[in-house]
Amino acid sequence: MSGNDLRISRVFAGLLAAALGIPALAQSTEFPTYQAGPQTNGTFVVSDGTIITPAGTQVNLGIEVRAKAIALNPTGNGTAAVMVMGTHGSNGKAVEVFSTTTGAILQTFEPSGDPDGSSTGIAYTPDGKYLLVSQDGEYGPGGVVGIASVSPSGTLSNYAQVKVPMDVTATGVLSNVTCYPPNTATGLPSGPPVRGVSPPGTTGSFAIPCGWTVSQISDGT
């Protein structure tokens with residue numbers, strides 16, 4: 001075979017390979033795109049793109065809220081109550097009652113008209129007749145326990161609201177919390193953590209000095 005024939009055969013081979021590759025390219029599809037949240041096939045896409053398949057019955061608490069604490073009705077009627085976060089304003093109410101078998105929301109409830117709850121305080125009495133809800137007072141009276149009557153079907157109605165005064169010192173600091181000595185430069189345990197100085201807590205929106213509560217900072221209760 002001459003040099004010209006060899007070059008022609010290489011060009012022909014290259015064109016043939018390209019032609020064979022065209023149908024494969026034409027049939028290829030883009031990677032699928034997903035929107036974060038529940039999918040139609042029962043999976044969930046979380047914020048980092050991971051696809052998960054949760055076990056059990058999923059409960060949709062609504063938008064802009066998340067569960068803080070759950071109490072299971074001890075009577076065995078298939079209901080539970082969950083204290084939710086993010087319920088101030090028009091976002092919802094402090095407590096949601098749901099079916100443990102279907103995951104359906106049966107009721108949203110504000111103890112004594114207060115849409116706010118504390119961090120974890122929710123519990124049924126052992127006989128299941130009452131639900132106790134701790135409320136820290138960010139959007140209502142501070143330091144109270146809402147008591148709701150529980151119907152046989154699990155729904156709630158207002159029964160009472162019990163004030164639980166906070167045990168504070170003359171300066172307004174909780175007497176049952178021990179804080180490290182304050183920073184002499186500021187007089188308060190605030191700012192970056194300093195050795196021997198208690199750093200502040202936070203609501204995620206603003207700092208709370210050691211020994212103070214959300215309600216003391218937000219509404220002075």
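**Exercise 1. State what share of the protein's residues counts as buried, and describe its overall make-up.**

Step 1. Of the 221 residues of the protein, 28% are buried, where buried means under 20% relative accessible area, exposed over 50%, and partly exposed in between (1.4 Å probe, protein chains only).

Step 2. The model is predicted, so local features need pLDDT of at least 70 and side-chain atom pairs count only at pLDDT 80 or more, while totals for chains, interfaces and linings use all residues. Residues are numbered from 1 along each chain as its sequence is written, and side-chain values use heavy atoms, with hydrogens and water left out.

Step 3. The protein has 2 helices and 13 strands; helices (H or I, at least four residues) and strands (E, at least two) are DSSP runs, numbered from the N terminus.

Step 4. Among contacts with a separation of 6 or more, 34% join residues 24 or more positions apart; contact means heavy atoms within 4.5 Å.

**Exercise 2. Identify the residues of the largest nonpolar core that touch the most other members, and the elements that contribute to this core.**

Step 1. A nonpolar core is a set of buried Ala, Val, Leu, Ile, Met, Phe, Trp, Tyr and Cys residues joined through side-chain atoms within 4.5 Å.

Step 2. The largest such core has 15 residues, of which Ala81, Val95, Ile122, Tyr124, Leu131, Val133 and Leu156 touch the most other members.

Step 3. Two or more residues come from each of E4, E5, strand E6 (95-99), strand E8 (122-124), strand E9 (130-135) and strand E10 (144-150).

Step 4. Apart from this core lies another, of 5 residues, among them Val65, Ala80, Val84 and Phe98.

Step 5. Beyond four places in sequence, the contacts of Val133 are Met83, Val95, Pro111, Gly121, Ile122, Val144, Val145 and Gly146.

**Exercise 3. Determine whether Asn73 is buried or exposed, and list its contacts.**

Step 1. Asn73 lies in the loop between strand E4 (66-72) and strand E5 (79-85).

Step 2. Because its relative accessible area is 5%, Asn73 is buried.

Step 3. The side chains of Asn73 and Thr75 make a polar contact at 2.7 Å. A polar contact is a pair of N or O atoms within 3.5 Å; within protein, one must be able to donate a hydrogen and the other to accept it, and residues adjacent in sequence count only if both atoms are side-chain atoms.

Step 4. Not counting residues up to four places away in sequence, Asn73 touches Thr79, Ala80, Tyr124, Val150 and Gly154.

**Exercise 4. Relate Ile70 and Thr120 in sequence and in space.**

Step 1. Ile70 is found in strand E4, and Thr120 in the loop between strand E7 (105-109) and E8.

Step 2. Ile70 counts as exposed because its relative accessibility is 56%; Thr120 is exposed at 57%.

Step 3. The two residues are 50 residues apart in sequence and 8.3 Å apart in space, C-alpha to C-alpha.

Step 4. Thr120 and Val133, 13 residues apart along the chain, have C-alpha atoms separated by 8.9 Å.

Step 5. Leaving aside neighbours within four places in sequence, Ile70 is in contact with Ala80, Ala81, Val82, Phe98 and Ile122.
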